Amino acid sequence: MKNKKDIITRTLEIIPGAFSWGILGVVFLLAFLKPIVCAVVIISFDFYWIVRTMYLTILLLIARRAISKYKNKDWLTECRTAFACRGLDKIYHLVIFPIYKEGPEILRASLAAIKKANYLKDRIIVVVSFEERNPIAHQTAKILEQEFGNEFLVYLTVYHPSGLAGETNTKGANATWAAKRGKEVIEGKKIPYEDVIISCFDADTCIGKEYFSCLSYNFLTTPKPHQASYQPIPVYNNNVWYAPSFARLVEISSSFTQMIESMRIEKFVTFSSHSMSFKTLIDINYWPVNMISDDSVIYWKAYLFYKGDYKVVPLHVTVSMDMAYSSNLFKTIIMQYKQKRRWAWGVENFPYVVSRFLIDRHIPFTKKIRRSYHLLENHVTWAIWVGMITIVPSLPILFGGIRFNQVPIGYNLPRIAGNLFNITIATSLAWILLSRTILPPRPPDVKWSKNIIMTLEWVLVPLILIIVGSTPALDAQTRLMLGKYMEFVPTEKHRNKQK
Amino acid sequence: MTFRRKKTIGSFYSQRIRSVLFYISIIVFIVGLPLLLAYALGYKFDLRKLKFTKTGLLILKTQPEGADIYLDGKLLKDKTPLTINELLPGEYVFELRLKDRYPWTAKITVSPGKLSTYDKIILFPLRPDIKKLNKENVSWFYVDKEKNAIYFFDNEAGVISRSDLEGNDFELVGQILPLDSLPLNCKLSYDRKKILYFNRHKIGVCILQPTSSIILDLPKLDIRDVFWLVNNNYVILQADKAIQILELRPEAKPILLFELNKKDPSIVYDENTNTLYFYDSERLETGKTFENVYKIELKKKFLDLNLQELIKNKNEE
């Protein structure tokens, strides 16, 4: 017999999928039974989506402007000159890289980016944590140690053993192992935890030159700096010129989504590579070791620990990562689909957070409701929006019968839905222009004509929307609803074409 | 260790801009959605009544397209095909005009929330496109649609010519013996090697390529129609009150298949099944008359009984 806690958690796991399928199912039934009501629902949703898209596109423009504005800012000088940052000399950065199968060609660039950073190297501790089960881990570690072993205050290689009690094969387990080994180093050097900022980077994360300076500045100037995570904007520029169109468009859209999210402070949650106070990390007992979405769960753990007084500070600097692609288009689509499904598995945060909200007695009720609603709305909308603006509008026309087609809304629905869809697509123009502004310089071995391809490829957007727009989210929610829990599958990194 | 923060994006100011944008979006949604739904549901603000009124829809499609549309005498800028949305309920006079075509006019009632469809309007030409097909004088003609051909009969010259359906590829295909009056009709045999033509008392048969012609004189019969039998050598005659069969050779005598009660019965011959359908009346003992449709499978009844022999015997009689 399951206990009450299990039943509540299981119920909460069912809710997002039930909502998504419920909305689609109700709309589908209405198309047969009440096509006029169905048409009203469709037009309302489509209009909501247009307004939302416009709003978010403006936020994207503002975020992009912010990145441009601070792109060449010398944050270290800012820290040193500003009377506000007198604590800079105390700050240490602990950087951890949880590694699975990535080889030295991926990690070398990431470590080199840290080496090039405009920051004091004797304030940087790097922990590279390999999975012990990876047969080439020791070989890779040796190569990297030779190259970077003396570049930082400490360069530590550790191996995360498999099968530790309570752990599953997730990035969070490895990250936690790395952080604990880093803690031993910090204790050995008698550095107070509160003076350490930890950054957890994916293997392919190449930071910008000013990352640590900007991070330090924000840490030192943020009220309650230990009650905040610090989130850079991920851009997938490492192999952008070599990736196929499909992967490039999807990943650019992902970058844009993160830029937009960085403007919505009250909803902003950590994603992928991020930084936070080391003291806080220890207080909340590190990353979850058995959840796939460790990057966002860490935020919720801190949020719950600090009774709702925890936030994510957007760092308007970028970190460059790899686009996920494979040897052919089909494999690339599959890979992108799986990656998006893994991201969408962040829906597991909903039962995690709400079940803890239920027993919490400190966070204001309205705040709990708002955050729960944001979580649910975010995932449900993700799962249904493509279907609602592409497939669903045709349902009442197909199944509504002659009577529906002989009333004004029957005539107007396809035109209104079509125009609203076109406006949604037209916002891609803004995205096309913006996409050009976040590109790194064209490598010499890439032809100039690639610029034309990278502009024209945006016509693929409707196709991409259908494949990886909503389906991965619906897939993830359905799995959670049915209790078929996903396992962590790392994304394959590719730089084989790059010279 | 925490100090005063400078203004950065993500700080108070950008969040204030975001808040303004957020509330503008909400206002746009709250104001725009009812208007959009009203439009979708066919509501329009009636300036005369100063209230929202449910409108109707009208679909106009013409063949050919591109006709000018006059609504209550006023020319609209759009042409057909056109769907006119948001028409206030009521009666409208529509006139569709296209150059060199008869105009189409109708009084149309538009009902609230309803779609009125006029999508099968044909605008007929003022002067139909006529094309002359024959090259010589023509007495009558026969159209063979299956073979895309027209046979032209020239009674005076006594010849049959043939062309395609466009009047091209003319050729002389046969010679005919003239009847004493213009034929009632003419029919091509199933093998397309013979063509017959007939009037009330005579049947002319022209054999095509090599050409020859005969006239069968049947003064006692009042011929109404003639059907080829499938073997292309016999014909069924529909005479005044009889159905007869006749071999197409000189001196051949028709034999009576059925004597009918009804004058000018309707006859249909199906060459695929070699079946004859006809319509005749039946007088009951009560004196009442019934109209019936009969079917005769000629193959079963006659052809299997050696039709040629039957006719020969009949002729000898």
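Start at A:Lys190, which lies just after helix H6 of chain A and takes a positive phi of about 55 degrees. Helices (H or I, at least four residues) and strands (E, at least two) are DSSP runs numbered from the N terminus. The model is predicted: local features need pLDDT of at least 70, side-chain atom pairs count only at pLDDT 80 or more, and totals for chains, interfaces and linings use all residues. Residues are numbered from 1 along each chain as its sequence is written, while chains are lettered from A and ligands numbered from 1 in the order in which they are written.

Next, select H6(A), residues 171-188. Its 18 residues should span 26 Å at 1.5 Å a residue, and the end C-alpha atoms are 26 Å apart, which agrees; the expected span is 1.5 Å times one less than the number of residues. Buried residues of H6(A) include A:Trp177, A:Gly182 and A:Ile186. A residue is buried if 20 or more other C-beta atoms, placed from the backbone, lie within 10 Å of its own, exposed if 12 or fewer, and partly exposed in between.

Now show what surrounds this helix. The buried residues of H6(A) pack against strands E1 (92-99), E2 (124-131), E3 (154-160) and E4 (196-200), and against helices H9 (278-283) and H10 (294-305), of chain A. Contact here is between C-beta atoms, placed from the backbone, within 7 Å.

Move to A:Leu94. Leaving aside residues up to four places away in sequence, A:Leu94 touches A:Ile125, A:Val127, A:Gly182, A:Ile186, A:Val196, A:Ile198 and A:Phe278.

Then colour the largest nonpolar core, which has 160 residues; A:Ile42, A:Leu94, A:Ile96, A:Val126 and A:Ile198 touch the most other members. Helix H2 (residues 35-70) of chain A supplies the largest share of this core, 13 residues. Apart from it lies another core of 31 residues, among them B:Ile160, B:Leu196, B:Trp228 and B:Ile245. A nonpolar core is a set of buried Ala, Val, Leu, Ile, Met, Phe, Trp, Tyr and Cys residues joined through C-beta atoms within 7 Å.

Zoom out to the whole of chain A. Chain A has 19 helices and eight strands, and 49% of its 499 residues count as buried.

Finish at the interface, where 31 residues of chain B are in contact with 35 residues of chain A. On the chain B side, helix H1 (12-40) and strand E6 (82-87) each supply at least two residues. H1(B) gives the most to that side, with 15 residues.

Key
Two residues are in contact if their C-beta atoms, placed from the backbone, lie within 7 Å.
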